[in-house]
Amino acid sequence: MKKFSAILILILFYNLSLMALGTLDSTKKPEPLANIEFKFPEYSQETLKNGLKLFYIEDKEQPTVSFSFMLQGGSLVDGEKAGLASIVAELLTKGTGKLTSRDIAEKIDGIGASLTASAGADVITISGYCLKKHLDTLLSLASQVLLNPAFPEDDFEKLIPRMIANLKQEKSTPGTLARNLARKIIYGDKHPYGIKPTEESLKEIVLSDVQNYYKTYFKPNSATVAVSGDLSKKDSKELIEKYFGKWQKGDVPKIKVPEPNSEPQGVYFISRPSSVQSTVIVATKAVPMTSGEYDVLELASSIIGSPFAGRLFRTLRETYSYTYSPFGRLSSNKYANIFACGAEVRNSVTDSSIKVINEQLTDLVSNPPVEDELYRVKNSEGGTYLMSFENPAFVLGLIQAADFYGISIERVKDYYENLMSYSNYQVRDIARKYMNPQNEYIFVVGSPEVKDKLEQFGKVFDYNMDLEPLTGEKGKFEDIGMNASELFGKFISALGGKENLDKIQTIIDSSKIKFEVMGRTIDGSGLQIQKAPNKKYMKFDLVFQKQEMWCDGTDAWSSAQGKAVKQEGKNQEDLVSDAVIFKDTKFIELGYKCDVLGKQKNYIMMKVVSPKLQESVLYFDPSTYLLMKVESTEDTPQGPVPSTIEYLDYISIEGVKFPKTLKSTNPMFSMTLENHYTINQPVEDIFFTPNK
């Protein structure tokens, strides 16, 4: 504190001295510093004999070198194997002809370097970074990864379940759901940019697909490499030729990309019960990166969505306090793009937020932004751009991307000058063309209660969390001519009939459990005992966690750290309700609102809403009328998450059918139970209360 005070005294003394000398006038605003002319850095470009393009910038600030390879393809060429490019990229560093994944990881860690591969919409990228003295080692590893990947089968087998687990995790992220739905609707569900991996598409991919992708698209004449760092131009070229000169060039298929085939304009809604806020996205179609209109459209999008300087920040956040972090941005694909803006907002202001967004868009397409606003956004975007030039890798990335996307280098070099020269009328005109609310699509992921408020913005199309339509032309249900009571009657008959179900007073279900989380499988066991009408004991033993639950028909308990805790409120009500024997046949008598939706995609679907307004969808087999699946939303400490229970391999015991296999899935994990049932064995009531 004393040292800090001394510094303040020195500063004050210095300023007073300047004022005394007449060199500082505290009443006058300082003049801005003179503008420094921006000059695009010098770079060099070479092409190797095999067609590999090399871009290079020397930077002796630090004794480090970075490089980045770009290969055309990405998920754009996945075709019906959605997710294939991501698998290829993920497996590149998992082994070569001579090295295992562990060998590669140990060598990289041993020199404090990085070597990564990733797949985007249009491209696969392999990047590396290291100290100059370790560059030979890292380039040797990179050449083996690029020229001789092994694609180990064991790593492939582990990767698929992990990617499926990631897909399930996305269902608990409303923003991801909304963005994926926006791409599907605006680009079209058959367009490469609109297709996303599914559990089914990932399971259909085999190792030979990965190998064929590599053989088809990994050619030097379809690739570029950018190198920057403490390295001369001569050394850079010699090293790239040394390690990648033997890479054999070859023919690469011409990529044909169809025009987007959008769905009708309207409001696209995903119901997420128990959500306390809505994800809102307002989006329009935009131009490809190759378009001469792209840069000015990007500026217009920043007028709406720039952090701190944008209109949504000043309205949704500062004026109305609807959200903390609104956004507005233009995507950056080669062949087609989307302008999107929006925010995460409270349920009660979902419609109000959309109105505010549309007000700002309408104003921008009607009136040029005032000079002060345009100046502020230009300075924000331009300043960030110029500051990035301190990193030569950023400059090379611009040059390399321009070559890949077919953008002239003059456009890249003149970007800052053009940005600062765009007029407010140019911004208005481009917004009118590509950001007009008359051409917008609205996407909302949120609680069912907000849906009615959305009808004022257009026709509402319902989608589920698998991005499948529930309404509209593609989401039509076939009428089965049956109400809920009649469908439950069919279900009860399929199980064995009401008379046989009523004869069953106790069910003891012992099970073997496979618990899967992030690609790992853990074995366990389970026991469930039920006694009519609504008593239940349940125990799971998963080695790392043991859990018990008791319900005596009135009260309920669950174990926490080995101690039984009596449940209260909603938890108690839910556990007592779930203890009802054959509950899935008794929803109507338990006070649930049940509506038959109809037949769709080989299922008869019924929506049920509990007295506590919790929604579930039941899926029945249309030929047997057995219940095959239940989808619902569970409340967790992390918020509401989607949950699916599948009922498989029905077996008959004493005239009643039971599912031998149950599979419970949510974004965090999946659990498969192989069940063994014992029917009508006497069970004492002591089983349904914890030991006191």
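The secondary structure of the protein, a predicted model, comprises 21 helices and 25 strands. Helices (H or I, at least four residues) and strands (E, at least two) are DSSP runs, numbered from the N terminus. Residues are numbered from 1 along each chain as its sequence is written, and side-chain values use heavy atoms, with hydrogens and water left out. Local features need pLDDT of at least 70 and side-chain atom pairs count only at pLDDT 80 or more, while totals for chains, interfaces and linings use all residues.

Taken along the principal axes, the C-alpha atoms fill a box of roughly 95 × 65 × 65 Å. Of the 692 residues in the protein, 48% are buried. Buried means under 20% relative accessible area, exposed means over 50%, and partly exposed lies in between (1.4 Å probe, protein chains only). Contact means heavy atoms within 4.5 Å. Among contacts between residues at least 6 apart in sequence, 70% join residues at least 24 apart.

Helix 11 (residues 311-319) packs against helix 12 (residues 350-366) at an angle of about 150 degrees, with the axes 10 Å apart. Helix 11 is therefore roughly antiparallel to helix 12. Axes are lines fitted to C-alpha atoms, for helices over the stretch in contact, and angles run from 0 to 180 degrees between N-to-C directions. Angles under 35 degrees count as roughly parallel, over 145 as roughly antiparallel, 65 to 115 as roughly perpendicular and the rest as oblique. The crossing of helix 11 and helix 12 is right-handed. A crossing is right-handed if the near helix is turned clockwise from the far one by less than a right angle, and left-handed if anticlockwise.

Helix 11 contributes Arg311, Leu312, Thr315 and Leu316 to this contact, and helix 12 contributes Ser353, Val356, Ile357, Gln360, Asp363 and Leu364. These residues divide into five nonpolar, three polar and two charged. Ala, Val, Leu, Ile, Met, Phe, Trp, Tyr, Cys and Pro count as nonpolar, Asp, Glu, Lys and Arg as charged, and the others, Gly among them, as polar.

Phe308 counts as exposed because its relative accessibility is 64%. With a relative accessible area of 47%, Ser321 is partly exposed.

A cis peptide bond joins Ala532 and Pro533, with omega about 0 degrees. Pro533 is found in the loop between strand 14 (520-531) and strand 15 (535-541).

Lys285 lies in strand 8 (residues 277-286). It is partly exposed, at 44% relative accessibility. Leaving aside neighbours within four places in sequence, Lys285 is in contact with Ile186, Ser262, Asn337, Tyr434 and Tyr441. Lys285 and Tyr441 are 156 residues apart along the chain, yet their C-alpha atoms are separated by 9.0 Å.

Cysteines were also examined. A disulfide is a pair of cysteine sulfur atoms within 2.5 Å. By this rule the count is zero disulfides. Cys551 is buried, at 0% relative accessibility. Cys594 is also buried, with a relative accessible area of 14%.
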